[in-house]
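Subject: Structure for you to look through

Hello,

Here is the structure I said I would pass on. Please open it first and keep it on screen while you read my notes below.

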Amino acid sequence: MDAETATVLRGRAKAALTRIINFIDKNDQTFDKNDIRNKLEKLELTYTEFDKADAALPIESSEMEEFETKYYETKAKLQNILENLSVRTYVYNDNSDVFENVTNMKSSNFKLPKINIERFSGDYKNWPSFKDLYVSLVHDNMCLSNIQKFQYLRGLLLSEPANIIKHIPITETAYNEAWEKLLARYDKKKQIIFSLIKTFMEQPSFNDTNSHNLRNIADTSDEVIRGLKSIDTKSRV
């Protein structure tokens, strides 16, 4: 490839990159997943073409460093847009303790299955059941991104546990930090056992031993026994 041809091809690649950047920065832009994927493919092709043309020119006239800076910035923006298009929002139904996640893409009305998890208020005795359900339905769900998991997590927490992670930004990398903070606070075997025993010992006494009162005692006792049995031996002490 002669220098003149290489210069022309390099210029075309630079112009192609500029068009992609302008596409991203356009005001009132409504993005579409397919458009973004196409732009990412075009960006990769543009980089290859620029690299080939720039390599054919004298090293002292290389513009690769400047081009690469713009290339990586643009690629990061496109990937972020694509990720955001996949993020789902979650709507809490106060009547049923159910979270329903729906896509935030205006072009789709598709709704994912509802996730039934009772919101966690910080009571240690409820942590094992909350953790088991959350890990099974959300944390270990490979179909969800960390951002989506983080949105679920925030929506499922009340009062104290919500305050623990409220200052952590909802990002892919910060999700694990938030989950670890909750584990450090609540995944403690001694506190869980103490809370369960306290629940059992603080049952009200009844002068009237009718069927309703006896049922309440039985239900509470059963809850405590099941809670003690379900405690993971690997829980933090």
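**L182 and the cores**

L182 touches W127, L153, L157, P161, I164, I165 and D187, leaving out residues up to four places away in sequence; a contact means heavy atoms within 4.5 Å. This is a predicted model, in which local features need pLDDT of at least 70 and side-chain atom pairs count only at pLDDT 80 or more, while totals for chains, interfaces and linings use all residues. Residues are numbered from 1 along each chain as its sequence is written, and side-chain values use heavy atoms, with hydrogens and water left out.

L182 is also among the residues with the most contacts inside the largest nonpolar core, together with W127, F130, Y134, L153 and I165. That core has 23 residues. A nonpolar core is a set of buried Ala, Val, Leu, Ile, Met, Phe, Trp, Tyr and Cys residues joined through side-chain atoms within 4.5 Å. Buried means under 20% relative accessible area, exposed means over 50%, and partly exposed lies in between (1.4 Å probe, protein chains only).

**The chain as a whole**

The protein chain has nine helices and three strands. Both are DSSP runs numbered from the N terminus: helices are H or I with at least four residues, and strands are E with at least two. In order from the N terminus, the elements run α-α-α-β-β-β-α-α-α-α-α-α. Of the 237 residues, 33% count as buried. Taking contacts between residues at least 6 apart in sequence, 59% join residues at least 24 apart.

Two packed helices are described by the angle between their axes and the distance between the axes. Axes are lines fitted to C-alpha atoms, for helices over the stretch in contact, and angles run from 0 to 180 degrees between N-to-C directions.

Helix α4 (residues 127-139) packs with helix α5 (residues 146-155) at an angle of about 150 degrees, and their axes are 11 Å apart. That makes α4 roughly antiparallel to α5. On this scale, angles under 35 degrees are roughly parallel, over 145 roughly antiparallel, 65 to 115 roughly perpendicular, and the rest oblique. The crossing of α4 and α5 is right-handed; a crossing is left-handed if the near helix is turned anticlockwise from the far one by less than a right angle, and right-handed if clockwise. Y134, V138 and H139 of α4 make the contact with K149, Y152 and L153 of α5. By class, this contact of α4 with α5 has four nonpolar, one polar and one charged residues. Ala, Val, Leu, Ile, Met, Phe, Trp, Tyr, Cys and Pro count as nonpolar, Asp, Glu, Lys and Arg as charged, and the others, Gly among them, as polar.

The axes of α4 and α7 come within 12 Å and cross at roughly 160 degrees. α4 and α7 are therefore roughly antiparallel to each other, and their crossing is left-handed. On the α4 side the contact is made by W127, K131, Y134, V135 and H139, and on the α7 side by Y175, N176, W179, L182, L183 and Y186. These residues divide into eight nonpolar, two polar and one charged.

The axes of α5 and α7 come within 9 Å and cross at roughly 35 degrees, in a left-handed crossing. Here N146, K149, F150 and L153 of α5 meet Y175, N176, A178, W179 and L182 of α7.

Eight of the ten residues of α5 are buried, so α5 is largely enclosed by the rest of the structure. The buried ones are N146, I147, Q148, K149, F150, Y152, L153 and G155.

S159 lies in helix α6 (residues 159-165). Its phi is near 40 degrees, a positive value in a residue other than glycine. S159 counts as partly exposed, at 45% relative accessibility.

S62 is in the loop between α2 (33-55) and α3. Leaving aside neighbours within four places in sequence, S62 is in contact with R10 and D54. S62 is partly exposed, with a relative accessible area of 35%.

E73 belongs to helix α3 (residues 64-86) and is partly exposed at 48%. E73 and I21 are 52 residues apart in sequence and 9.4 Å apart in space, C-alpha to C-alpha.

Regards
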